[in-house]
Structure formats: C-alpha cells, structure tokens
Number of protein chains: 2
Amino acid sequence: MPELSTAAVHTMTNKSWSLQQCCDAYATAGFGGVSVWRNVIEPIGITEASKIVRASGLKVPALVRGGFFPAFESTLRQAALDDNQRCIDEAAEIGAEMVVLVVGAVVGMPLAEARKQVNEGLSNVIDYAAKNKIKLAIEPLHPMYAADRSCINRMQEARHACEAIASPWLGIAVDVYHVWWDPDLEAEIALAGEQKTLFGFHVCDWRPTPRDLLNDRVLMGAGCIDIKHIRACVERAGFEGLNEIEIFSNEKWATDQEDYLKDIAKAYQQHV
Amino acid sequence: MPELSTAAVHTMTNKSWSLQQCCDAYATAGFGGVSVWRNVIEPIGITEASKIVRASGLKVPALVRGGFFPAFESTLRQAALDDNQRCIDEAAEIGAEMVVLVVGAVVGMPLAEARKQVNEGLSNVIDYAAKNKIKLAIEPLHPMYAADRSCINRMQEARHACEAIASPWLGIAVDVYHVWWDPDLEAEIALAGEQKTLFGFHVCDWRPTPRDLLNDRVLMGAGCIDIKHIRACVERAGFEGLNEIEIFSNEKWATDQEDYLKDIAKAYQQHV
C-alpha cells in the first residue's frame, strides 16, 4: 500500500477549488505534491501562485499544460511557441519539475503534417526549457483525442518525437487512461526507462463505457485498468517521481470535494 | 465521384427499418449492396431474410457480426463458438461474402489473456468458415472500445491474429472510424494487400469531439477523416469489394430515414 506522500494531485481533479484550497487540502491529507494547472494560476498571478505553492511544502511534479504546437497559420504557431515559453517561465517560478505537453492537433490538418509541426515546435522550445532547467513531458493522449487535441497517441509515437530531439530535457508523461489498452505499453515503458525519458506517471481509471469523452474518468479501482501492474512496470523501468492523480469527472466535480478527496486517498492506497 | 453501385449500406445505418425496408430503399437508390446485421434477421428468421435479400438483387458483402470470443467461463467460450457457427450458417444462407468479427473483450480480464482467447476462438472456428466458404473479417475497433468490445484495436494487432492462423478465410475489415488516427495505417493497409487479408472497407466519419462513444458517427465529409485518401490506399492495395457505409448516429436515427438515405448517397459520392 503506497504512502500518500508518494502521490501528487492535479488541481484539475478538484476543479472548483482555488490553488490555495488545493494546496491546503492536499498537504493536510498527507499527499506529497501538487501538479498545478494554469487555470488556477490565472486569477491570482504567478507570483502569488508561487508563494502559495512554496508555502505548502508540497513538491510540484508538473505544471499543466503546454504544447498545442500545430496550426494552419505561422502567426498561430509562433503564438504557441511564445505561450510555451511563458509556461516554462511559470514552471520555473513555482518550482515545477516539468511542463506536461498536450502536443495538439488541428481539425482538417492531416495527422502526418500535425506531427511534423509538433516536432518543429519541440525543436524550437527545447533550448529554452533546458536553459530554465524545466523538463518537457510529452503526454500521449488516447486516440479518441487525435482530431483536435493530440496527434501523438501512443508511447511509441512519443518516443519517436523524443528520439528526434534527443535532449535530456524532453521525455514522456505516461497516463494510464490514455495508454492502458496498448499492447506495446510494457515494452515502451521499459524502453523509456532505458532512454531516461520516463518523466511522469499519471493515474485514474477507465469506465467501460465512458459516458463522456472528456470528463468521465473514474477513481482508481473503479474502472478496468490494472494500475498496480502498470505502476510496477514504471518502477521497474526506474521511475522515482511522484505518482500523479489526475481525474476529470463531471460526476465527482458535482460532489463535496472534501469527501471526494478522502475517497481519492483511499483509492490511491488500495489500487495504485 | 464513385458510383453508388460501388457501395453497400449496413442495415444498422437505418436502425428503425426492417430488412425489407432496407433492401427496398437501398436497391431503389442505386446502391450495390447491403450488409446485414443479425438484429434484422432475428424477427423474421433466416429463411425469410434470405428470400428478401436475394430478391433485392443486392450484393451482400457482410453479415454483422460474429466474434466476442473471450469469457471467464469455458461454457461461455463454447457458447460463443456455437454462436459463431450459427453466424457462418446465416451468412451462407443469405449469400454474404464474409462475417465481420468484433472479437470481444471482458472487463476485468487482462487484454493479453483476452487476445490469447481470441486467437483460440479464431482457431476453433476457422475450419467451419472455410468449409462453408465464408470469409471471417476481424474488425479492429477503436481503442476506446478495448474494455468491453474488442481487444484488437489496430490493424497491426489484427494482422498478427491473421498471421497466427494463416488461412485464406481469415482477414481484416478496415473501418475508417476505428483506424484513421493510426500512424501505421497506410503501411498496414499495403501489407494487408500483400497478404490478401483486405476483406472489407467501411466508411463514415469522426466528429471532433464525439458526444457519445457509440452512436455519434457522422456522415462522410462531416468529420475529420480523409476518407478519399484511405480509399485510395485500400484500392492501391488491391481491394475490389464494395465500400460499406456504416453509420451509428442517435441524431440521424431520429430523422426521416428516406431523406437521410439521400444525404448518405450524396455524402458517399462527394467524400469517399
């Protein structure tokens, strides 16, 4: 049974809470860290956000999220690069270890072209990340998000993108929700371990059949993913970071968040 | 612009219609074929269904659907085999070229075990298919159906299953909805052509973001899939069968089906 101190919670998991509420609640509950979504920084500014996070004593595995590189117009691609730099700045300011990248996809753009633009975007931003000592973690998203969120949908594709750049600052965030179905998952995790690209590990669970494509994730143990097995794989591959809990759930967001956090803690200890 | 005679429509596309209504409407509209779902056979029996289909003059690429091999209990696995034999019998009776297989998956069963049981199921049913001269077409389903419908989610996995059995009666049905996102799609289609396993080609389109995991497919051209390109790939690979139109849509099922069929015909000619 893993200690809660081995886990970080994504602020989006408790969508209605401010950054202060998240940090207070996570620290009080005994979690080891918080992964900060930019929407909770926005209303208070990065200076205030940094103060809150640093005062909490929580580790910060990730700032979420950068990426979204591809676009039809070059001005939009440049805007994306600028935004990724700001994101890296913010990560440095709050003491985050990495920025999680949802790489992007554009309706109407062939995926091969989108993937090319992602590689270009990564090339253009990696030096800035390295200079600021912030890791960039490509999160392969489930293929059901290939149309408009991510043209990188499997560990293998993320690995190819990493190999093309070959920087110690570029790696992969493995979210069980996105990759659990992949027959190559175990081999790719092992390979990521060898290549030192295993930057993040996210947990939640998959409801068969999800009632919503975006916000129907379930608590660990309430779905069909063998999370313990995948955790064993990432640990065998040398992963030593915090396990990040990231659950988007319309159902759970509508409940009492204090009670919900207790359920999250229990689910983490029993099923991760 | 492809002739409508190059297309077959799946009866499930017009879910509220009987087999007779489907056959009348598809033949009148000028479509070349009908792919028959078992739910429209059930209320009238296979003898009557066969009469209707044969009288229509329509070709029958597929009977839909067999498969669902994995189960925790051996009695259930045997029941699945029996049902697949009945399915092959029905296909022979209505003059279908193939049975489409949704291979199955079971919540709580590791996917590796489910895939093993699928291979066993295929081994156990292939001789019966060959004897009856009915092709079996594995349809890789989108990874979002891996929990409870299909443990085969990419062309590559379907190819591995075909290679393990190596029968001219076992092949693949390529449905653009399930595989459009896969970076290996073009290579796998070419390989299927070489291996003579390219049995079926299904079209519809992907709405970004689907509002429902099962029944929110859209008309060809109304989504983000480059169907013309994929059709060119399958034809380059030697595919000469009918292109099958298969659209599950709560939205469209609620509309006038005669009008809808006209839209389907138009969408097929413009976007396939």
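These questions and answers walk through a predicted model with chains A and B.

Student: How many strands make up the closed barrel of chain A?
Tutor: The barrel runs from β1 through β2, β3, β4, β5, β6 and β7 to β8. Its pairing is parallel. The count of strands in this closed barrel is eight.

Student: By how many degrees are neighbouring strands of this sheet turned against each other on average?
Tutor: Direction is ignored here.

Student: Which residue is the bridge partner of A7(A) in β8(A)?
Tutor: Strand β1 of chain A covers residues 7-10, and strand β8 of chain A covers residues 243-245. They pair in the parallel sense over three bridges. Strands of a sheet pair through backbone hydrogen bonds. In β8(A), the partner of A7(A) is N243(A).

Student: Which residue of β7(B) does V174(B) stand opposite?
Tutor: Chain B also has a closed barrel of eight strands with parallel pairing. In chain B, β6 (residues 170-175) pairs with β7 (residues 198-203) over four bridges. Opposite V174(B) stands F201(B).

Student: At about what angle does helix α4 of chain B run to β3(B)?
Tutor: Helix α4 of chain B spans residues 74-94. This helix lies across β2, β3 and β4 of chain B. Its angle to β3(B) is about 175 degrees.

Student: Is α6(B) roughly parallel or roughly antiparallel to α8(B)?
Tutor: Helix α6 (residues 155-165) and helix α8 (residues 185-194) of chain B pack with their axes 9 Å apart. The angle between them is about 25 degrees. Angles under 35 degrees count as roughly parallel. So α6(B) and α8(B) are roughly parallel.

Student: Which residues of α8(B) make the contact with α6(B)?
Tutor: From α6(B) come M155(B), Q156(B) and R159(B). By class, the contact has four nonpolar, one polar and two charged residues. The α8(B) side is L185(B), E188(B), L191(B) and A192(B).

Student: Why do the copies meet through the same surface?
Tutor: The contact takes 22 residues from chain A and 22 residues from chain B. On the chain A side, 15 are nonpolar, four polar and three charged. The copies meet through the same surface because the share of chain A interface residues that are also interface residues in chain B is 100%.

Student: Where does T209(A) lie?
Tutor: The peptide bond from P208(A) to T209(A) is cis, with omega near -5 degrees. Another cis bond joins V64(A) and R65(A), with omega about 5 degrees. R65(A) is in strand β3 of chain A. T209(A), in turn, sits in the loop between β7 and α9 of chain A.

Student: What is phi of A166(A) near?
Tutor: Most residues other than glycine have a negative phi. A166(A) lies in the loop between α6 and β6 of chain A. This residue is not glycine, yet its phi is positive. The value is near 50 degrees.

Key. Residues numbered from 1 in each chain as written. Chains lettered and ligands numbered in written order. Predicted model: local features only at pLDDT ≥ 70, side-chain atom pairs only at ≥ 80, totals over all residues. Pairing = 2+ DSSP bridges. Helix = DSSP H or I, 4+ residues; strand = E, 2+ residues; numbered from the N terminus. Contact = placed C-beta atoms within 7 Å. Axes fitted to C-alpha atoms, helices over the stretch in contact; angles between N-to-C directions. Nonpolar A, V, L, I, M, F, W, Y, C, P; charged D, E, K, R; others polar. Parallel < 35°, antiparallel > 145°, perpendicular 65-115°, else oblique.
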